[in-house]
Amino acid sequence: MTDPVITDLRRELEKARLALIDSQSHLAAHAESNAALHCATTVMYSPLHAKVTAAIGQIEHALTRTEPNEDQAEDYTTRLIAGVLADLDRCDHGRHAADPCGSCGGQSAGNQLLPPGRHIGHGVHANPIYVPQPADRWKPEAWRTPPAHT
Ligand SMILES: [Zn+2]
């Protein structure tokens, strides 16, 4: 259950669940204020409130059923990240920067698209992400450290 599609679907289900919880609160408050307005002794919740409550339960059941197994999630993430990181220093001909490459004319020229120090993106708090030196690519903090020369 660690397929990226399932992860995306779970994220969308979670958003729907939160929206439905807000709707449920709104509908309940509406029903309770109507009861108070009419001095009723019981609150009559609408059929829509019941449908929203049922939908929340169904979403929670689906989220529980698709919960990733921790070992599988770690294994998938590790394989994904390690596989991509391991390839980031390869030259256009597929040779690691430290290896000989006949097409580069001696040692591999490495990845010319992502030279160390290049600003390649941002994190969730707009913190920049930089390509670290090849020796530091396995250190998570190195991707968040600005290059020394800028
Ligand atoms: Zn090459």
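**Close-up views of a predicted model**

**View 1. A nonpolar surface patch that includes Ile 81.** Ile 81 sits in helix 3 (residues 70-87) of this predicted model. Together with Leu 80 and Val 84, Ile 81 forms a nonpolar patch on the surface. Ile 81 itself is partly exposed, at 45% relative accessibility.

**View 2. Helix 2 and its buried face.** Helix 2 (residues 47-65) has 19 residues. From first C-alpha to last, helix 2 reaches 27 Å, close to the 27 Å expected at 1.5 Å a residue. His 49, Val 52, Ile 56, Ile 59 and Leu 63 are buried. Helix 1 (4-37) is part of what covers them. On the other side of helix 2, exposed residues include Lys 51, Gln 58 and His 61.

View 3. The side chains of Glu 60 and Arg 17 meet at 3.1 Å, N to O. Glu 60 belongs to helix 2 and Arg 17 to helix 1, so the pair ties together parts 43 residues apart in sequence. Arg 17 is buried, at 17% relative accessible area. Glu 60 is partly exposed, at 33%.

View 4. Arg 11 and Asp 8 pair at 2.4 Å, N to O. Both lie in helix 1, 3 residues apart, about one turn of the helix. Arg 11 is partly exposed at 44% relative accessible area, and Asp 8 is partly exposed at 38%.

**View 5. The salt bridge of Asp 87 and Arg 90**. Their side chains meet at 2.7 Å, N to O. Asp 87 is partly exposed, at 41%. Arg 90 is also partly exposed, at 29%.

Conventions:
Residues numbered from 1 in each chain as written. Predicted model: local features only at pLDDT ≥ 70, side-chain atom pairs only at ≥ 80, totals over all residues. Heavy atoms only, no water. Patch = residues over 30% accessible without salt bridge, like charges linked within 9 Å, V, L, I, M, F, W, Y side chains within 5 Å. Areas by Shrake-Rupley, 256 points an atom, 1.4 Å probe, with all protein chains shown as cover. Salt bridge = Lys/Arg side-chain N within 4 Å of Asp/Glu carboxyl O. Helix = DSSP H or I, 4+ residues; strand = E, 2+ residues; numbered from the N terminus. Buried < 20%, exposed > 50% of the residue type's maximum accessible area, 1.4 Å probe, protein only. Expected span 1.5 Å × (residues − 1). Contact = heavy atoms within 4.5 Å.
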